[in-house]
Amino acid sequence: MRIDILCLFPEMFASPLNQSIIKRAQEQGLVNIVIHDIRDYTHDKHHTVDDYPYGGGPGMVLKPEPIFEAAEAIKQQLGVSEMPIILLTPQGRLFSQSVAQELALHSHLMLICGHYEGLDERVCEHLATDEISIGDYVLSGGELAALVVVDAIVRLIPGVLGSQDSAGSDSHSNGLLEYPQYTRPQVYQGWSVPSVLLSGNHGEIAQWRRRQAILRTAKRRPDLLEKGNLCDEERKWMLENLLDPK
Ligand code: 6GU
C-alpha cells in the first residue's frame with residue numbers, strides 16, 4: 001500500500017512513523033508512506049498557503065490552488081487518474097475500526113491535513129472523495145488525526161502484525177472490547193491471576209474470555225453490544241452477572 005500525506009507541518013510525522021510496527025512495515029516494503037509539504041506547491045515569494053475569508057470574520061482559510069496542485073502532481077507521479085482522497089476534518093464522518101478495515105483494502109490513499117481555521121470549500125467539494133474526523137473534539141490540525149488513521153490502517157495490512165491472530169482479538173475487531181490479560185507473576189502484591197487461565201483447559205479459557213469481553217463491553221460501552229453477536233445463552237449470562245456481580 002502507498003499512502004501520500006499532504007500537510008503544512010511535515011516534521012510532525014518523522015518520529016511517529018519511525019517507531020515500532022509502522023517503522024517495520026515500511027522497512028518490509030508493506031507500506032510506503034510519503035509526506036508532502038503543501039508549501040512546496042505555492043508559487044509566490046512568501047509561499048502563501050492561506051488568505052482572509054470572503055465575507056469577513058476571524059481566522060484564515062487555506063487556499064485551494066496549492067492543495068489541488070499537490071494532489072494533481074502526486075496522481076501524475078503514481079500514474080493514476082482516480083484514487084481515494086481523504087480530507088481530515090472535524091466535520092468528516094467518524095473514524096472507527098470498520099472505516100479502517102474499509103480503507104485498508106485500497107492500494108493507494110491520499111490524506112489531506114487541514115489546518116488553521118479552515119480550508120476552501122472547493123477542496124471538499126471537488127477534490128476530496130471522503131472526509132474523516134477522529135472524534136468529537138477539535139485538534140489544531142489534521143496531522144495528528146492523519147497519524148491515528150495511518151496507524152489503524154497499517155496494522156491491518158496482511159503481514160504487518162507478527163501473528164495474524166493479534167489483530168483479530170483486539171478490542172473492536174469482533175465488535176466487543178478486549179478481555180482482561182495477565183502475565184507473570186502469578187501473584188503480585190497479593191492479587192492473583194484468575195485460576196481458569198492457569199488451568200490449561202483451552203475450552204474453558206475461551207469461554208471465560210468471551211464472557212469477560214461481553215461483561216466489560218456491557219459495563220463500559222453498552223452502545224457496542226449489538227455489534228457483538230451474542231447468542232441467547234450469552235445474553236442470559238450477561239444479564240445475570242450485570243445484576244449480581246460476584
Ligand atoms: Cl480530522 N481534524 C481536526 N483539526 N480536529 C479533529 C479531527 C480532525 N478529528 C477530530 N478532531
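The model is predicted: local features need pLDDT of at least 70, side-chain atom pairs count only at pLDDT 80 or more, and totals for chains, interfaces and linings use all residues. Residues are numbered from 1 along each chain as its sequence is written, and side-chain values use heavy atoms, without hydrogens and water.

The surrounding residues include Leu-88, Thr-89, Pro-90, Ile-132, Ser-133 and Tyr-137. This shell has seven nonpolar, four polar and no charged residues; the nonpolar class is Ala, Val, Leu, Ile, Met, Phe, Trp, Tyr, Cys and Pro, the charged class is Asp, Glu, Lys and Arg, and the others, Gly among them, are polar.

Next, display Ser-133, where a polar side-chain atom lies 3.4 Å from a nitrogen atom of the ligand. At Ile-134, a backbone N or O atom lies 3.0 Å from a ligand nitrogen atom.

Now show the largest pocket, whose space the ligand takes. A pocket is an open set of points on a 1 Å grid over the protein atoms alone, where a 1.4 Å probe fits, with protein on both sides within 12 Å along at least five of seven lines; lining residues have an atom within 4 Å of a point.

Finally, select Ser-96, His-172 and Arg-221, which are among the residues lining the second largest pocket. That pocket has a volume of about 260 Å³.

Terms used:
A residue is near a molecule or strand if one of its heavy atoms lies within 4 Å of it. A polar contact is a pair of N or O atoms within 3.5 Å; within protein, one must be able to donate a hydrogen and the other to accept it, and residues adjacent in sequence count only if both atoms are side-chain atoms. A molecule sits in a cavity or pocket if more than half of its atoms lie within 2 Å of its grid points. Grid points are joined across faces, edges and corners, and a volume is the space filled by probe spheres set on the points.
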